[in-house]
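These are my notebook entries on a structure that I looked through feature by feature.

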Amino acid sequence: METPITVGKPKENDRFREATVVHDDMFERIISLENLVVAWREFRIGKRSKKDVIEFGDRVEEHLVALALDLKAGKYRHGQYTRFIVHDPKRREISKAPVRDRVLHHAMCRVIGPVFDRGFIFDSYANRTGKGTLSANDRFDAFVRKCSRNGSRTAFVLKADIRKYFDSVDHETLLHILGRRIRCERTLGLLHSVVSSFETSPGKGIPLGNLTSQLFSNAYLDPFDQFVKRELGVKYYIRYADDFVVLSDDVGALDRMRSRMDAFLTQNLGLTLHPEKTRIVRFGSGVDFLGKVHFRFHRVLRVKTKRRSIRRIASRNESSYIGLLRHSRSHGLVRILRDILEQKNVLEEVCVNPSTKPSGAWTSRA
């Protein structure tokens, strides 16, 4: 007998109600050595020089076999987290699980992720293959053109942010949502182990740092996405993690939507919209969305992003920053960053070899 859906009130023909997937072999596929090996290879990308990764890699076969046996015997227990603070650019607390657990997270997402991803709405852009901030920004520009009829009428944008989203995710509600797609009891037990391994307050919170948290964050807000698209009938809606925008030429309609959205989040998911970061703006004055300020015919980087680029540019990330800048009006900034990088490289060379003299091209600009 099917477990009743406890989040939202889908219509009888709602495909989300029919999306339950029965995979009797899902748990076996997750814990198979073949899957764990691929998960390990994916996990270590960009982390090969980390001490804990090196130590795990020295005896990787032994570790993976032991992990598979513990999972199969029901002896697996999630490890403790290491917490640290980063500023990127705002202060965030990152919680890092042991390597063994993070490899398992990758193995789980490889099998479970596609089951959920195909049920998500098209315009959910965070942590999904083929999506991302660039695609979300392109979609936003396309929606502006449609909503404003190529600038012939005023478009308004409801910009919204969910307050303390990752800290507020309710474990019981999350497990209910996950259980609507998965009926494999051992897989659900494994999900319960991962979800309950971390708390910011009793029964709440998912960690910034887990790959599974990326999947959980999208799955948790999927009922909200379905509500916005199906119940409210919103045509121009984009969500990226806990940030979302709605476009309309009717400012009154946006205000009514905001009230209904906030009520749904509170009543069904235990979330609230951030009162200071949720507002309705006129598009013509420029709209800040996902690091870019959008205007009718172009977009530019927000000031904070420019300053961060100047501060962090280095040889190892030059291509990433330059590639990012090419998708906005920032030709002058590209030249500045290249000049700064050249200066940094010369200074590094002088520090390593004090007898080295700066090039004439650099000194003339200095």
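Entry 1, the second largest cavity. I looked up which element gives the largest share of the lining of the second largest cavity, and α10 does, with three residues. The model is a predicted one, in which local features need pLDDT of at least 70 and side-chain atom pairs count only at pLDDT 80 or more, while totals for chains, interfaces and linings use all residues. Residues are numbered from 1 along each chain as its sequence is written, and side-chain values use heavy atoms, with hydrogens and water left out. I noted that helices (H or I, at least four residues) and strands (E, at least two) are DSSP runs, numbered from the N terminus.

The lining of this second largest cavity consists of Tyr81, Val194, Val195, Ile206, Pro207, Asn210, Thr212, Ser213 and Phe216. The elements that give two or more residues to it are α9 (185-195) and α10. I sorted the lining by class and found six nonpolar, three polar and no charged residues, where Ala, Val, Leu, Ile, Met, Phe, Trp, Tyr, Cys and Pro count as nonpolar, Asp, Glu, Lys and Arg as charged, and the others, Gly among them, as polar. The space in the second largest cavity is about 30 Å³, and the count of cavities of 30 Å³ or more comes to two.

For the terms, I wrote that on a 1 Å grid over the protein atoms alone, a cavity is a set of points where a 1.4 Å probe fits but cannot get out, whereas a pocket is an open set with protein on both sides within 12 Å along at least five of seven lines; lining residues have an atom within 4 Å of a point. Grid points are joined across faces, edges and corners, and a volume is the space filled by probe spheres set on the points.

I found about 420 Å³ of space in the second largest pocket. It is lined by 16 residues, of which Cys109, Gly113, Asn127, Arg128 and Thr129 are the closest to its centre. Here α5 (99-117) and α10 (211-231) are the elements that give two or more residues to the lining, and α5 gives the most, with seven. By class, I noted six nonpolar, six polar and four charged residues.

I followed α5 to its packing with helix α2 (residues 33-43), where the angle is about 110° and the axes lie 8 Å apart. Axes are lines fitted to C-alpha atoms, for helices over the stretch in contact, and angles run from 0 to 180 degrees between N-to-C directions. I therefore recorded α2 and α5 as roughly perpendicular to each other (angles under 35 degrees count as roughly parallel, over 145 as roughly antiparallel, 65 to 115 as roughly perpendicular and the rest as oblique).

Entry 4, the sheets. I saw four strands in an open antiparallel sheet, in the order β4-β5-β3-β6, where two strands pair if DSSP finds at least two bridges between them. Its edge strands, β4 (237-240) and β6 (279-282), each pair on one side only. Strand β3 (residues 156-161) and β6 are antiparallel and share four bridges, and Val157 stands opposite Val281 in β6.

Another open sheet has three strands, in the order β7-β8-β9, again with antiparallel pairing. Because β7 (287-289) and β9 (299-301) stand at its edges with a single partner strand each, one side of each is left without a neighbour in the sheet. I also noted that three bridges join β7 to strand β8 (residues 292-294), and that Phe289 has Lys292 in β8 as its bridge partner.
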